[in-house]
Amino acid sequence: MDLVAYVGTAPGRGETVLGREFTTVPGGKGANQALAAAKAGAAVHMIGAVGRDEFGEQIRASLAGSGVDTSALRAVDGRSGTAHITVDDDGGNSIIVVPSANATVDGLAPGDEELIAASGSLLLQLEIPFEGVAAAAAAGRRNGVRVVLTPAPAAELPDDVLSNVDLLVPNEHEAEALVGEHDPKRALAALLERVPEVVITLGGRGSLYGSRGGEVVEMPSFPVRAVDTTAAGDTFAGVLSVALGEGAGIREALRRASAAAALSVQRNGASSSMPTRQEIADFLA
Ligand code: ATP
């Protein structure tokens, strides 16, 4: 759950300031990507955990309301994961993430492997422990399911996570954190030594795909007036996974993902800004 306080100037250490407004918004990269995929028309199951608190119920309802199946979303004792976000008048923000229930997802629960095995794509993020990500990726590989990882929040990745990833989708900062290369083309080359396929998202500059087989695709972004880029990356990753899971080629999948992200940046909010399958089709028509 995102807990968002709007303030003129964010407080320094030891300081108290008055905020202007406070909202709570269901968030989290996994949930946002699941929503983006469901809105894009896929049958989506979310594996993860919420706490037995009021946020847990709200998060489950938000996912279910957009058609995400939450039967594999476990409820554990304690709090749901929270992000404490301060947004100041300059649009700058600072964020504290407290994993809480998310920290308990350190492996597969009964039934998870069957769910993964029956899927077209497995889409992973790093807001649960590496052990949980590694176990899911291994299950994906064992069952011949395409494993897509968005390596966020940025982190060094152990090889037991990366060795079972088919497609890595970092933004440029995450790519740099992984391989220490600022230049996207160099980062791409370095990442392809660790995984077979990579898409680096470059914000308003589009995205860059590469495969070990030597294919490179540069996909420009659609020129639109951006008002709020929150969750552009999650929309992109969710829709990319859906398209690939449906058997689209990489160019077509990148095109649909870019269109969905371009639609999302024209609207405020995260889940509320994600387009439906029809909206994506109309935009591309
Ligand atoms: P976020 O953290 O905000 O979710 P991100 O950093 O993970 O985003 P970005 O690289 O900023 O991801 O954006 C993902 C994709 O969204 C881009 O590859 C591009 O296709 C699209 N996009 C982002 N910003 C814009 C923009 N201003 N105009 C059009 N498309 C955009």
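The legends below describe close-up views of a predicted model.

Local features need pLDDT of at least 70, side-chain atom pairs count only at pLDDT 80 or more, and totals for chains, interfaces and linings use all residues. Residues are numbered from 1 along each chain as its sequence is written, and side-chain values use heavy atoms, with hydrogens and water left out.

**View 1. The shell around the ligand.** Helices are DSSP runs (H or I, at least four residues), numbered from the N terminus.

View 2. A side-chain N or O atom of Thr201 is 2.8 Å from an oxygen atom of the ligand. Backbone N or O atoms also take part: one of Gly233 lies 2.9 Å from a ligand oxygen, and one of Ala231 lies 3.3 Å from a ligand oxygen. The protein covers 82% of the 630 Å² of accessible area that the ligand has on its own. Accessible areas come from the Shrake-Rupley method with a 1.4 Å probe; for residues, only the protein chains shown count as cover.

**View 3. Asp234 in helix α8.** Asp234 lies in α8. Its relative accessibility is 4%, so Asp234 counts as buried. Buried means under 20% relative accessible area, exposed over 50%, and partly exposed in between (1.4 Å probe, protein chains only). The Asp234 side chain makes polar contacts with the side chains of Gln33 (3.1 Å) and Asn32 (3.5 Å). A polar contact is a pair of N or O atoms within 3.5 Å; within protein, one must be able to donate a hydrogen and the other to accept it, and residues adjacent in sequence count only if both atoms are side-chain atoms.

**View 4. Helix α9.** This helix has 16 residues and reaches 22 Å from its first C-alpha to its last, close to the 22 Å expected at 1.5 Å a residue. The expected span is 1.5 Å times one less than the number of residues. α9 is mostly covered, with twelve of its 16 residues buried. Among them are Ile250, Leu254, Ser258, Leu263, Ser264 and Val265.

View 5. Helix α2 (residues 54–65) has twelve residues and reaches 16 Å from first C-alpha to last, close to the expected 16 Å. Phe55, Gly56, Ile59, Arg60 and Leu63 are buried. Seen down the axis of α2, these buried residues fall within an arc of 135 degrees, so they line one face of the helix. The arc is that of the directions from the helix axis to the C-beta atoms. On the other side of α2, Glu57 and Gly65 are exposed.

**View 6. Glu181 between two helices.** Glu181 is found in the loop between α6 (172–179) and α7 (184–191). At 27% relative accessibility, Glu181 counts as partly exposed. Glu181 and Ile200 are 19 residues apart in sequence and 12 Å apart in space, C-alpha to C-alpha.
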